[in-house]
Amino acid sequence: VETTFGRLDLLHLNAGIRLGEPDVVALSDADYERIISINQHGVFYGLRAMVPLLEGRPGAQVIVTASRASLGPLPNDFAYAMAKHAAVGLVRSVAPALLERGIRINATCPATVDTGFLGGVGREQLEAAGVAVMGSEEVADGILAILGGETTGEFFVQLPGGEPTPFAFTAVPGR
């Protein structure tokens, strides 16, 4: 990577697909493997491959696009939510070790974004159904705000028209 593109200071792991399948019995093995491969394994393998290139870089950062669905249930697409929940576990768990290597990692958890990810459903349709939708530029501005901070291992929820807001996880009993 460095010999072709120069040095790496920032890694944005931003891949995701959704299936829209609400029935756990109806989800095929192939669709399950596909969504886990992209949404969960893609984050892990991307992070593992790039950490050695980020080490020793002052200000090195990783931002993971987790999704607001990573912080709660999503009954109409449980497999997407499940895979994005894995991103939460990964970021929260590796943050201390990455910080020891000089790398900060955080996640953005945007609400519904007007991209091809919506699968042909138009912004107007969603907004008519009461779903607030934001543009990708708004998400990018939120990511820049997160990158300008000093946190690590944090999750920032971004809603349309709002600034990224840290999500407060509750303490796990017994810890």
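This dialogue goes through the predicted model shown above, feature by feature.

Biologist: What kind of model is this, and how are residues numbered?

Modeller: The model is predicted, so local features need pLDDT of at least 70 and side-chain atom pairs count only at pLDDT 80 or more, while totals for chains, interfaces and linings use all residues. Residues are numbered from 1 along each chain as its sequence is written, and side-chain values use heavy atoms, with hydrogens and water left out.

Biologist: How many helices and strands does the protein chain have?

Modeller: Helices (H or I, at least four residues) and strands (E, at least two) are DSSP runs, numbered from the N terminus. Here the protein chain has five helices and five strands, in the sequence pattern α-β-α-β-α-β-α-α-β-β.

Biologist: In what order do the strands form the sheet?

Modeller: Strands of a sheet pair through backbone hydrogen bonds, either parallel or antiparallel. Two strands are taken as paired if DSSP finds at least two bridges between them. In this model five strands make an open sheet, ordered β1-β2-β3-β4-β5, with mixed pairing. At its edges stand β1 and β5 (165-166), each with a single partner strand, so one side of each has no neighbour in the sheet.

Biologist: How many bridges join β1 to β2, and how many pair β2 with β3?

Modeller: β1 and β2 run parallel and are joined by four bridges; Leu10 stands opposite Gln61 in β2. The chain passes from β1 through α2 to β2 in a right-handed β-α-β crossover, meaning that, with the strands pointing away from the viewer, the path from the first strand over the helix to the second runs clockwise. β2 and β3 are also parallel, over five bridges, and Ile63 has Asn106 in β3 as its bridge partner.

Biologist: Where do the buried residues of α5 lie around the helix?

Modeller: An α-helix has 3.6 residues a turn, so residues three or four places apart point the same way. Helix α5 (residues 136-147) has twelve residues and reaches 16 Å from first to last C-alpha, close to the 16 Å expected at 1.5 Å a residue; the expected span is 1.5 Å times one less than the number of residues. Its buried residues are Val139, Gly142, Ile143, Ile146 and Leu147. Seen down the axis of α5, these fall within an arc of 140°, so they line one face of the helix; the arc is that of the directions from the helix axis to the C-beta atoms. The face turned away from the buried side carries the exposed residues Glu137, Asp141 and Leu144.

Biologist: What covers the buried residues of α5?

Modeller: The cover includes β1 (10-13), β2 (61-65), β3 (104-110) and β4 (155-158). Contact here means heavy atoms within 4.5 Å. One case is Thr108, found in strand β3. Thr108 is buried, with a relative accessible area of 0%, and among the residues it touches are Ile143, Ile146, Ile63 and Phe156.

Biologist: Which residues touch the most other members of the largest nonpolar core?

Modeller: A nonpolar core is a set of buried Ala, Val, Leu, Ile, Met, Phe, Trp, Tyr and Cys residues joined through side-chain atoms within 4.5 Å. The largest one has 24 residues, of which Leu47, Val62, Val64 and Ile105 touch the most other members. At least two residues of this core come from each of β1, α2 (29-54), β2, α3 (78-100), β3 and β4. The largest share, six residues, is supplied by α3. Apart from this core lies another, of nine residues, including Ile63, Val113, Ile143 and Leu147.

Biologist: Where are Ala60 and Ser67 placed?

Modeller: Ala60 is in the loop between α2 and β2 and counts as buried at 1% relative accessibility. Ala60 and Leu8 are 52 residues apart in sequence but 8.0 Å apart in space, C-alpha to C-alpha. Ser67 is in the loop between β2 and α3 and is buried, with a relative accessible area of 9%. The phi of Ser67 is near 110°, a positive value in a residue other than glycine.

Notes
Buried < 20%, exposed > 50% of the residue type's maximum accessible area, 1.4 Å probe, protein only.
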